[in-house]
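I opened the model to look up a helix crossing, a sheet and a few single residues. My entries follow in the order in which I made them.

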Amino acid sequence: MFFKELALRLMKLLNAFLMTMPFAIAWFAYYAERIAEPFYNMGNWLVIALFFLLYIAFGRVYGAFWISLNRISESVYSQALAACMVNGIMYIITCLLMRHLPDIWPVLGVFAAQIVISAIWSFLAHIAFYILFPATKTIIVYDERQGMEKLIHEYGFEKKFTVIKTLTVDNCINNLDLLKNAQTVFVSGVHSHERNIILKYCVANNIMMYLIPRIGDVLMSGAQQMHMFHLPMLRVGRYNPSPWHTIAKRTFDVVSAGALFLVISLVMLVTAIAIKMTDGGPVFYKQRRLTQNGEEFDVLKFRSMRVDAEKDGVARLSSGDNDDRITPVGHFIRKVRIDELPQLLNIIGGSMSVVGPRPERPEIASQYEEQIPEFKLRLQAKAGLTGYAQVYGKYNTTPYDKLQMDLLYIAHPSFWEDLRIIFATIKILFVPESTEGVAEGQQTAMGK
């Protein structure tokens with residue numbers, strides 16, 4: 001297994017090396033001799049090394065190296081996005097070094113070559129991965145949540161997991177040796193006591209275990225390890241980021257939201273005109289939402305639905321592209337998230353942050369809390385324009401799963417995690433399924 005893992009890491013490094021080569025060629029062939037004060041060889045190689053390291057960093061953000069989790073097309077998309085970001089950064093650096101705007105065509109040529117390299121590498125890497133790591137014999141143990149086998153099929157993971165058996169948790173606990181032939185076990189919706197019994201058996205018998213956590217597990221993930229009374233302790237409490245984190249986060253919110261508002265002001269003006277010309281109705285709409293500690297505020301958005309979208313007074317989520325309440329302009333601005341841009345004013349005003357749990361409507365939150373009392377725990381942090389659940393979930397992801405994602409974010413407050421989520425948000429802007437709506441007629445995502 002050691003040599004297989006080593007080979008996998010070398011494949012990923014090879015990807016970074018190959019994606020750097022077109023840039024290196026363009027740098028030495030065109031840019032190196034044209035900068036204001038040309039570098040010695042060491043300086044040129046440092047520029048190449050910077051591209052290499054930045055590509056690895058952005059590749060990790062966009063999941064470019066997840067061979068086993070991505071389809072080939074997803075790998076190419078993630079790597080192309082990482083390369084695009086790094087090419088852009090390096091072009092800006094080149095502009096500063098040359099003290100003028102250089103030709104951009106070498107960068108475009110580099111990017112085209114990188115897409116070809118990515119496609120070839122992704123195809124060959126997937127073949128090599130499944131030779132090194134053939135599908136494992138998999139058993140699914142479930143209690144309250146079923147359908148894991150269906151998910152494995154829907155996401156194309158049959159090459160990674162061969163399901164040989166599906167067990168209820170009672171059958172599994174009564175005879176743990178039913179797991180002995182498995183290499184992988186999925187545990188879905190199982191309570192902590194039974195799950196811990198299965199976990200100990202899997203660890204003792206060298207069986208890889210995947211589990212869908214429960215809310216208590218997510219809360220515990222943020223526990224601080226310590227020693228007290230000569231005993232190991234885990235300290236768990238409410239969201240309490242350090243003062244430095246709070247100051248840095250608020251400073252970043254004001255500066256980034258203010259700068260972005262100025263940069264995209266023309267886009268917002270064009271959007272406002274398009275909405276007004278569609279039906280003559282208001283450009284913006286306000287809606288009561290919840291933020292930190294349950295405080296209510298008016299979120300500001302571009303109107304994407306008809307003026308009478310909720311004429312019956314009942315709050316309901318969108319059912320996606322099939323929702324006849326959405327205007328023609330609304331379909332476009334929702335797809336590319338332009339409808340969210342006026343929330344920059346909410347961020348500057350302090351009722352929202354750039355990164356945080358999605359601000360929910362009070363009436364919909366109340367419905368969720370009837371079935372999930374813990375749903376209010378996501379209000380420990382200030383609501384965000386983007387967030388962990390927005391990036392890794394979808395519009396119609398169940399409230400329970402979104403709650404767990406929000407709690408994972410809250411459990412590990414980090415300014416660097418905020419930056420990672422911001423960059424990862426760019427990836428989902430072009431993924432249609434991230435805006436998939438709820439079923440027609442549904443008021444919330446609870447029944448999904």
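Helices (H or I, at least four residues) and strands (E, at least two) are DSSP runs, numbered from the N terminus. This is a predicted model, in which local features need pLDDT of at least 70 and side-chain atom pairs count only at pLDDT 80 or more, while totals for chains, interfaces and linings use all residues. Residues are numbered from 1 along each chain as its sequence is written, and side-chain values use heavy atoms, with hydrogens and water left out.

The axes of H3 (residues 72–98) and H16 (residues 415–428) come within 11 Å and cross at roughly 125°. Axes are lines fitted to C-alpha atoms, for helices over the stretch in contact, and angles run from 0 to 180 degrees between N-to-C directions. On the H3 side I listed Tyr77, Ser78, Leu81 and Met85, and on the H16 side Phe423, Ile426 and Lys427; contact means heavy atoms within 4.5 Å.

Next I took the sheet. It is open, has four strands in the order E2-E1-E3-E4, and its pairing is parallel; two strands pair if DSSP finds at least two bridges between them. E2 (161–168) and E4 (208–211) are at the edges with a single partner strand each, so one side of each has no neighbour in the sheet. I noted an average twist of 20° from one strand to the next. E3 (residues 184–188) and E4 pair over four bridges, and Val185 stands opposite Met209 in E4. H7 (residues 192–204) lies across E1 (136–142), E3 and E4, and runs at about 155° to E4.

Then I checked phi. Arg99, not a glycine, has a positive phi of about 65° and sits in the loop between H3 and H4 (105–132). Most residues other than glycine have a negative phi. Arg99 counts as exposed, at 64% relative accessibility (buried is under 20% relative accessible area, exposed over 50%, partly exposed in between, with a 1.4 Å probe and protein chains only).

Last, is Gln343 buried or exposed? I found Gln343 in H12 (residues 343–349), and at 2% relative accessibility Gln343 counts as buried.
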